[in-house]
Amino acid sequence: MRAFNAELSKLFSLPGIWLAFLIGAFVPAVIAALDSTAQKEEIIAGVSTRLSEVGYIGLALGVQGIIILGVLAVSSEYLTESSESGGGNQITTSLTVVSSRFHFLLAKASAVTVIGILLSIVAILTTVSATNLILGEYAPAFEAPKLIGVVCYWTFTALLAFGITILTKNGIIPLTVLIINSSVVAVSYLLSKVTKLAFYLPDIAGSNMFMSDGFHTPFTGGLIMFAWVAVLFIIAVIVFHRRDVAS
Amino acid sequence: MSVSSSRKTTRILSAELDKLITMPLIWRTFVATFIINLVLTAAFTSASLQGAADTKSVLNIGLASMIYLQAGFIILGILATCSEYTGGQVQTTLTTIPWRGLQLISKHLALAVFTFPAALVITASGVLYTVLMMQDTVAGIGINTMIQTVVGAAGYLTVTTLLSAAVGALLRRTTPALVVLLGYYFIVSPLMSDFLPRVHNYFPDAAGAYMYMETFSNEVKVLTPMQGTGIAVGWTLIFMAIAIVFYRKRDA
């Protein structure tokens with residue numbers, strides 16, 4: 001528990017984390033607002049084919065904030081400090097204090113999960129209010145199961161970013177790959193046009209939890225994404241356990 | 001020791017170039033970008049191998065991966081300037097070169113000297129691969145158009161790299177710089193081209209795209225290649241100027 005508190009405190013004292021919060025809280029709302037504005041006329045006329053996606057599209061595309069959270073949580077540990085303060089890594093200190101590596105990772109992952117859940121709730125609030133503000137009475141009702149799906153999707157995304165960063169130790173690769181993949185030109189989306197197997201990729205399967213026209217049912221989608229997170233975590237724990245701290 | 005000013009400039013430039021090419025991460029980024037680009041080009045080529053092709057479509061397919069490719073060059077630019085701030089290299093740099101504006105300009109120049117050939121190799125390899133794979137179906141290839149386009153694409157990537165380097169120098173930390181730039185190029189820019197297409201044409205990436213799209217794209221063109229180049233270079237110079245002003249004022 002104390003390790004968990006320590007991880008929370010470390011996370012909140014990172015300068016980059018505020019960027020993550022800012023992006024996480026507002027980008028989905030902005031994307032949803034733009035999309036709603038573009039579709040407003042069709043929706044009012046009752047001919048929109050994408051009514052069920054309104055708002056959720058923002059939550060599906062606006063995951064950059066949560067990605068930054070997951071990546072920063074790990075990459076900040078491996079950042080080399082300036083030579084004035086000894087040129088060390090935070091990870092050496094962290095592992096001196098919490099010597100069980102498994103407990104260290106568990107505490108960190110829990111901290112990321114808790115913040116991820118809170119951030120996704122904030123994002124849902126801003127997105128729903130943005131959609132309601134623009135569409136007024138035409139705004140679709142947001143159902144609880146789908147919103148829970150969004151929370152799961154966001155949290156799993158944070159944990160995926162977290163797991164990948166443990167393997168790479170450097171924030172550049174996971175940030176680039178995940179941000180590009182959350183964009184309009186997503187690689188996994190292109191792949192899904194080529195092969196059915198792409199529907200089992202974590203982001204596509206996971207988005208089935210709240211996007212309606214999915215390949216999987218919401219439950220299987222969530223399960224597939226969770227399986228990715230679980231497998232990645234097992235690999236990350238093993239690698240982290242065996243690796244020399246400083247290397 | 002007194003050195004003439006032209007000698008001084010060459011020395012600074014060679015020092016910056018030296019720092020750049022001895023950075024392992026730079027080479028790893030370059031090699032990774034090269035390989036990923038070839039894989040993507042191969043995927044795009046095999047996807048469109050059916051049907052007849054002409055020079056236009058060869059260039060279109062060979063450069064289809066440009067949107068992903070620029071991510072590698074954004075990283076390159078950020079690494080070049082942000083690496084100074086990990087471990088306090090910047091203090092050593094400024095002790096030996098106490099002229100901050102000159103130092104940062106030389107850094108950008110050195111980066112351009114490194115990036116342009118690298119970008120040329122990567123874009124040319126992509127186009128060459130497509131040509132080789134599609135030579136049975138290609139009717140006739142205009143070599144001149146091809147060279148023009150590849151050089152334009154390499155120029156665009158170089159300008160993007162310099163812009164990223166300027167933003168990196170401004171923000172000084174890799175992660176925020178990466179988030180800001182990737183967020184712009186991959187999230188904001190596509191949204192803008194949907195919702196504000198006319199304004200979007202004057203932003204660095206859309207304007208820069210005219211540097212190489214002229215010959216093969218079927219989209220409506222608002223700018224000529226020269227205008228596109230001018231706007232993209234202008235943006236880069238503005239960001240560089242801001243970076244230099246901050247660099248001179250700020251505590252290192």
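Me: What is the handedness of the crossing of H7(B) and H8(B)?

Reply: In this predicted model, H7(B) and H8(B) cross in a right-handed sense.

Me: Why are H7(B) and H8(B) called oblique to each other?

Reply: Their axes cross at roughly 135 degrees and come within 9 Å. Angles over 145 degrees count as roughly antiparallel and 65 to 115 as roughly perpendicular, with the rest, apart from those under 35, being oblique. H7(B) and H8(B) are therefore oblique to each other.

Me: Which residues make the contact of H7(B) and H8(B), and how do they divide by class?

Reply: H7(B) contributes B:Ser164, B:Val167, B:Gly168 and B:Leu171, while H8(B) contributes B:Pro176, B:Ala177, B:Val180 and B:Leu181. By class, this contact has six nonpolar, two polar and no charged residues. Gly counts as polar here.

Me: What makes H7(B) and H11(B) roughly parallel?

Reply: Helix H7 (residues 143–171) and helix H11 (residues 225–249) of chain B pack at an angle of about 20 degrees, and their axes are 8 Å apart. Angles under 35 degrees count as roughly parallel. H7(B) and H11(B) are therefore roughly parallel to each other. Their crossing is left-handed.

Me: Which residues of H7(B) and H11(B) meet, and what is the division of that contact into classes?

Reply: From H7(B) come B:Gly152, B:Gly155, B:Val159, B:Leu162, B:Leu163, B:Ala166, B:Val167, B:Ala169 and B:Leu170. Among their partners in H11(B) are B:Trp235, B:Phe239, B:Met240, B:Phe246 and B:Tyr247. The residues of this contact divide into 17 nonpolar, four polar and no charged. B:Val167 of H7(B) is listed in this contact and also in the contact with H8(B).

Me: How do you know that H2(A) and H4(A) are roughly antiparallel?

Reply: The axes of helix H2 (residues 16–45) and helix H4 (residues 64–75) of chain A cross at roughly 155 degrees and come within 7 Å. Angles over 145 degrees count as roughly antiparallel. H2(A) and H4(A) are therefore roughly antiparallel to each other. The crossing of H2(A) and H4(A) is left-handed.

Me: Which residues of H2(A) and H4(A) meet, and into which classes do they divide?

Reply: A:Gly16, A:Ile17, A:Leu19, A:Ala20, A:Phe21, A:Ile23, A:Gly24 and A:Val27 of H2(A) meet A:Gln64, A:Gly65, A:Ile66, A:Ile68, A:Leu69 and A:Leu72 of H4(A). The division is ten nonpolar, four polar and no charged.

Me: What is the secondary-structure content of chain A, and why is chain A described as compact?

Reply: Chain A has eleven helices and zero strands. The radius of gyration of chain A is 19 Å, close to the 18 Å that the globule rule gives for 247 residues, so chain A is as compact as a globular protein of that length. Along its principal axes, the C-alpha trace of chain A spans about 65 × 35 × 30 Å.

Me: What makes chain B as compact as a globular protein of its length?

Reply: Chain B contains eleven helices and zero strands. Its radius of gyration is 19 Å, close to the 18 Å given by the globule rule for 252 residues, so chain B is as compact as a globular protein of that length. The C-alpha atoms of chain B fill a box of roughly 65 × 35 × 30 Å along the principal axes.

Me: Where does UniProt place the "transmembrane region" entries of chain B, and what is the helix content of residues 146–171 and 226–247?

Reply: The unreviewed UniProt entry lists residues 25–47, 67–88, 109–134, 146–171, 178–196 and 226–247 of chain B under that name. Residues 146–171 of chain B are 100% helix and 0% strand, with the end C-alpha atoms 37 Å apart. Residues 226–247 of chain B are also 100% helix and 0% strand, with the end C-alpha atoms 31 Å apart.

Me: For chain A, which residues does UniProt list, and how much helix is there in residues 54–74 and 147–167?

Reply: For "transmembrane region", the unreviewed UniProt entry lists residues 12–34, 54–74, 111–135, 147–167, 172–191 and 219–240 of chain A. The span 54–74 of chain A is 81% helix and 0% strand, and its end C-alpha atoms lie 34 Å apart. The span 147–167 of chain A is 100% helix and 0% strand, with 31 Å between the end C-alpha atoms.

Me: How many residues of chain B are in contact with chain A, and which element gives the largest share?

Reply: 19 residues of chain B are in contact with 22 residues of chain A. On the chain B side, helix H4 (66–82) and helix H8 (174–195) are the elements that give two or more residues. The largest share, twelve residues, comes from H8(B). This side of chain B divides into 13 nonpolar, six polar and no charged residues.

Methods:
Residues numbered from 1 in each chain as written. Chains lettered and ligands numbered in written order. Predicted model: local features only at pLDDT ≥ 70, side-chain atom pairs only at ≥ 80, totals over all residues. UniProt positions renumbered as here; feature names shortened; annotations may be inferred. Helix = DSSP H or I, 4+ residues; strand = E, 2+ residues; numbered from the N terminus. Contact = placed C-beta atoms within 7 Å. Axes fitted to C-alpha atoms, helices over the stretch in contact; angles between N-to-C directions. Left-handed = near helix turned anticlockwise from the far one by under 90°. Rg over C-alpha atoms; globule rule 2.2 N^0.38 Å.
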